[in-house]
Amino acid sequence: MIPGKDGSRPNFSPIEEKALELVSKHARSPNAHSQAEIETFRRQSEEHDSAIRSAERFNALSRRVKTTTPGFFQSAALRMELILVRTLGKPLVLGTSVAAALLLAWILPQLDAPSIVEHAALASPPTKVEQYRTRNRQQDTIVLTDGSTVWLGWRTEIEVAFSSTHRRVTLRRGVAAFDVISDALRPFIVSADGTQTRVTGTEFIVDARRGNQVEVSVLEGQVEVRSPEDQLATLGPTDTVQVVGEKLMPIAMRSIEEMGQWRDGMLIFNDHPIVDAIEDLEPFTRFRIDTTAISGHGGLVSGVFFIDQADEALFTVLESHRLRAKDSGRNTLILQDVRKQPK
C-alpha cells in the first residue's frame, strides 16, 4: 500500500481494494457468508492472503483511532502504526526504543516541544477531580495526592484534577498558596480567571480576590505566568505580577515577609500602597469596602496586622491616613479622603 499524493488516502492495488471491501463489509455486518467470502478470497494466493491480513489490520487501527478517546501519545502511536500499515502493507515489528524514536520523529515537527505535555494534558481525561472550599473566617491546609500542599485563604474555592500526564488546579475564587512537589513529567498548572501559572516544583501564591485581577507571587523557585492574551512572564523569588482584565502588568518585587503571612494569621506591609493594603485587609473584615473615591491616594502602610483583629486594623489604617468610612448599608463602607472634603 502506497500513500496517495495528498497523504490522506493510500492508493490500493485491485487485490488490496477487494480485500479491504470484503473486510469492511464483514466488520459492518459480521455473518457466516461474509466470513466465507474472506476465506475464499484468502486461499487464492499468498498475495491475496497478505492483502486480507493488511486490510484487517488497517480496518482495526482505523476503528481504534476514530472511536476511542486515548491520550495524546496513545493516539499518536496508533496513527503512526496506521501510517506504517498503509505504507508497508503489513505491521512492522519494532523494538521499543526504535518505535519511540520513530514516533517522536513524527511528532516533534508538528508541535513545539514545550507544547507536547500540554497537548497530552488536554487529551487525557483526569483520573480524579476533587473540590475544596473555605467559608468566611476559615482557612484550611490540604495535602494533595502527589504530596504537594495547598493553603486556602478565607472564602476560597479550588478544583483539583490530576491525571498520569498533568496536575491541574482551578482557583475559582479567593487566594491560595502552593508548595509543589517537583515532577518534570507532570507540570503543575493553576488556572484563575483565564490566567495560567505553570510550574514543576516551587512555592507560590495565586490571589484572585479582586474581581478581574489575578496576582501571582513567588516565594521559592520559578513559575511561568500566561495571561488570557497569551502574554508570558517568568517569575523568580520575591517577584509578583498582576493580570488585570486580560493584560499582563510589569513584574514587581515584594519582600518575602509580605507574601503569604496570612497562613500564619498575619498581614505584613512594608510601605504598601494604602489602597492595596485596605483591599488585602478587606477579606478578613466583616465589611465590603469601596475604595473608588480614594484611588489616587498616595499613602503607604507599614506594620503587622493580625487577621483575627482585621476590623480594628482597618480602622487604625483609616484613621492614620485621615480617611473616613461612610456606611452605605449591608456592611458596605465607602471610603472618603477627609483632606478633600469641603470645610
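Colleague: What makes S18, S21 and S20 an open sheet, and in which order do the strands stand?

Modeller: This is a predicted model, in which local features need pLDDT of at least 70, side-chain atom pairs count only at pLDDT 80 or more, and totals for chains, interfaces and linings use all residues. Residues are numbered from 1 along each chain as its sequence is written, and side-chain values use heavy atoms, with hydrogens and water left out. The 3 strands lie in the order S18-S21-S20, with mixed pairing. Strand S18 (288–290) and strand S20 (323–327) are the edges, since each has a single partner strand, so one side of each is left without a neighbour in the sheet. Direction ignored, neighbouring strands of this sheet are turned by 30° against each other on average.

Colleague: Why is H7 called roughly antiparallel to H8?

Modeller: Helices (H or I, at least four residues) and strands (E, at least two) are DSSP runs, numbered from the N terminus. Helix H7 (residues 274–281) and helix H8 (residues 310–320) pack at about 165°, and their axes are 10 Å apart. That angle makes H7 roughly antiparallel to H8, because angles over 145 degrees count as roughly antiparallel, under 35 as roughly parallel, 65 to 115 as roughly perpendicular and the rest as oblique. The angles run from 0 to 180 degrees between N-to-C directions.

Colleague: Which residues make the contact between H7 and H8, and what is its make-up by class?

Modeller: Contact means heavy atoms within 4.5 Å. Ile-274, Ile-278 and Leu-281 in H7 meet Ala-310, Ala-313, Leu-314, Val-317 and Leu-318 in H8. By class, the contact of H7 with H8 holds 8 nonpolar residues, no polar and no charged ones. Ala, Leu, Ile and Val are among the residue types that count as nonpolar.

Colleague: What are the partners of S9?

Modeller: Strand S8 (residues 188–192) pairs with S9 in the antiparallel sense over 5 bridges, and Ser-191 stands opposite Gln-196 in S9. S8 and S9 form a hairpin with 2 residues between them, and Asp-193 in the turn has a positive phi of about 55°. S9 is also joined to strand S12 (residues 223–226) by 3 bridges, and the two run antiparallel. Thr-197 has Val-225 in S12 as its bridge partner.

Colleague: How many bridges join S14 to S15, and which residue in the turn has a positive phi?

Modeller: S14 and strand S15 (residues 247–248) share 2 bridges and run antiparallel. The hairpin of S14 and S15 has 2 residues between the strands, with Gly-245 in the turn at a positive phi of about 70°.

Methods
Pairing = 2+ DSSP bridges.
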